[in-house]
Amino acid sequence: YKHIDKKIVSVEGRIEGKISTKIIGKKGFGYDPIFIPNKNNNTFGQMAKAKKIKMDHRFIAFQKLKRKVKI
């Protein structure tokens, strides 16, 4: 366990896309069946978990956090 000198570290993960007019797909949760990421034809709810995770805003934020916090 390493102490981070009491600094607050903040990052943001962002993914752009559009909202489907229909609920499509049964995978994921929340907005996954209606969110279509840019450069894709499928909603997150239709995608394999591994593909979705690598473009998800949480994954993007985590990658940024890893670069800021050297553990």
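**Charges and overall form**

I began with the charged side chains, and in this predicted model the protein chain carries 19 positive and 5 negative ones, with the centres of the two sets lying 5 Å apart.

I then looked up the secondary structure and found 2 helices and 2 strands in the protein chain, which follow one another along the sequence in the pattern β-β-α-α.

For the overall dimensions I noted that the C-alpha atoms fill a box of roughly 50 × 20 × 20 Å along the principal axes. The radius of gyration of the protein chain is 15 Å, whereas a compact globule of 71 residues would have one near 11 Å.

I also checked the surface: the protein chain exposes about 6000 Å², and carbon and sulfur atoms supply 57% of that area. Of the 71 residues, 24% count as buried. Among the contacts between residues at least 6 apart in sequence, 28% join residues at least 24 apart.

**The loop between E2 and H1**

Is Lys39 buried or exposed? I found a relative accessibility of 87% for Lys39, so this residue counts as exposed, the cut-off being over 50%. Lys39 is placed in the loop between E2 and H1, and its phi is positive, about 65°, although Lys39 is not a glycine. I wrote that angle down because most residues other than glycine have a negative phi.

Asn40 also lies in the loop between strand E2, which spans 35-37, and helix H1, which spans 49-55. With a relative accessible area of 17%, Asn40 is under the 20% limit and therefore counts as buried. Which backbone oxygen does the side chain of Asn40 reach? I traced the side chain of Asn40 to the backbone oxygen of Asn38, at 3.1 Å. Setting aside neighbours within four places in sequence, I listed Met47, Lys51 and Met55 as the residues in contact with Asn40.

**Met55 in helix H1**

I followed that list to Met55, which is found in helix H1. Beyond its neighbours within four places in sequence, Met55 is in contact with Ile15, Pro37, Asn40, Phe44, Met47 and Ile60, and Met47 is also among the contacts of Asn40. I looked up one further separation from here: Met55 and Arg67 are 12 residues apart along the chain, and their C-alpha atoms are separated by 17 Å.

**Two serines**

I compared two serines, starting with Ser10, which sits in the segment before strand E1, a strand that spans 17-19. From Ser10 to Phe59 I noted 49 residues in sequence and 14 Å in space, taken from C-alpha to C-alpha.

Ser20, by contrast, is found in the loop between E1 and E2. The side chain of Ser20 reaches the backbone oxygen of Lys22 at 2.7 Å. Leaving out neighbours within four places in sequence, I found Ser20 in contact with Ile34, Ile36 and Thr43.

Key
Residues are numbered from 1 along each chain as its sequence is written. This is a predicted model: local features need pLDDT of at least 70, side-chain atom pairs count only at pLDDT 80 or more; totals for chains, interfaces and linings use all residues. Side-chain values use heavy atoms; hydrogens and water are left out. Helices (H or I, at least four residues) and strands (E, at least two) are DSSP runs, numbered from the N terminus. Buried means under 20% relative accessible area, exposed over 50%, partly exposed in between (1.4 Å probe, protein chains only). A polar contact is a pair of N or O atoms within 3.5 Å; within protein, one must be able to donate a hydrogen and the other to accept it, and residues adjacent in sequence count only if both atoms are side-chain atoms. Contact means heavy atoms within 4.5 Å. The radius of gyration is taken over C-alpha atoms; the globule rule is 2.2 Å times the number of residues to the power 0.38. Accessible areas come from the Shrake-Rupley method with a 1.4 Å probe; for residues, only the protein chains shown count as cover. Lys and Arg count as positive and Asp and Glu as negative; His and the chain ends are not counted. The place of a charge is taken as NZ of Lys, CZ of Arg, CG of Asp or CD of Glu.
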